[in-house]
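Dear colleague,

I am handing over the structure below, and my notes on it follow directly after it. Please read them with the coordinates open beside you.

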Amino acid sequence: MEFNANVFSNSEITVTYTPRCCANAELCAQQLSDVFRRSVIPWIDLEGAQTETIVNQIKKCPSGALQFHLNKKDVA
Ligand code: SF4
């Protein structure tokens, strides 16, 4: 089974990042740099913004490299 996604999670949300899909335009890092960080590992910090803000940014990802699901149904 091929597994190419990086998985990031907190109590509210799980975010996956698939590098081979990323367009590398840095849209996420430019628009929400407290979460999608350059030159830092792990590069996604889910404590950097509210879950709703993270979700809204992920929805702007043009390639689909970023995906999410909510761990609680009553959030966002
Ligand atoms: S917004 Fe999506 S395609 Fe653009 S750099 Fe971020 S993960 Fe890659």
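Tyr17, Phe36 and Trp43 come together as one aromatic cluster in this model, which is a predicted one. A search through the whole structure gives two aromatic pairs. In one of them, the ring centres of tyrosine 17 and tryptophan 43 lie 4.7 Å apart with the planes at 70°, and because an angle over 60 degrees counts as edge-to-face, the pair is given that description. This pair connects distant parts of the chain, since tyrosine 17 belongs to strand 2 (residues 13-17) while tryptophan 43 lies in the loop between helix 1 (27-31) and helix 2 (51-58), the two residues being 26 residues apart. The other pair is made by phenylalanine 36 and tryptophan 43, whose ring centres are 5.8 Å apart and whose planes stand at 50°, so the pair is classed as tilted.

For the protein as a whole, which has 76 residues, 32% of the residues count as buried.

The overall fold can be stated briefly: there are two helices and three strands, and their order along the sequence is β-β-α-α-β.

Turning to the pocket and the ligand, the largest pocket has a volume of about 280 Å³, and it is in this pocket that the ligand sits. Its lining consists of 18 residues, and those that lie nearest the pocket centre are Cys22, Asn24, Glu26, Cys28 and Trp43, so that Trp43, a member of the aromatic cluster, is also part of the pocket lining. Helix 1 gives the most to this lining, with three residues. Sorted by class, the lining of the largest pocket holds 12 nonpolar, three polar and three charged residues.

Around the ligand itself, the residues are Tyr17, Cys22, Ala23, Asn24, Ala25, Glu26, Leu27, Cys28, Cys61, Pro62, Ser63 and Leu66. This shell divides into nine nonpolar residues, two polar ones and one charged one.

With best regards

Notes. Residues are numbered from 1 along each chain as its sequence is written. This is a predicted model: local features need pLDDT of at least 70, side-chain atom pairs count only at pLDDT 80 or more; totals for chains, interfaces and linings use all residues. Side-chain values use heavy atoms; hydrogens and water are left out. A residue is near a molecule or strand if one of its heavy atoms lies within 4 Å of it. On a 1 Å grid over the protein atoms alone, a cavity is a set of points where a 1.4 Å probe fits but cannot get out, and a pocket is an open set with protein on both sides within 12 Å along at least five of seven lines; lining residues have an atom within 4 Å of a point. A molecule sits in a cavity or pocket if more than half of its atoms lie within 2 Å of its grid points. Ala, Val, Leu, Ile, Met, Phe, Trp, Tyr, Cys and Pro count as nonpolar, Asp, Glu, Lys and Arg as charged, and the others, Gly among them, as polar. Rings of Phe, Tyr and Trp (its six-membered ring) pair if their centres lie within 6.5 Å; planes under 30 degrees apart count as stacked, over 60 as edge-to-face and the rest as tilted. Helices (H or I, at least four residues) and strands (E, at least two) are DSSP runs, numbered from the N terminus. Grid points are joined across faces, edges and corners, and a volume is the space filled by probe spheres set on the points. Buried means under 20% relative accessible area, exposed over 50%, partly exposed in between (1.4 Å probe, protein chains only).
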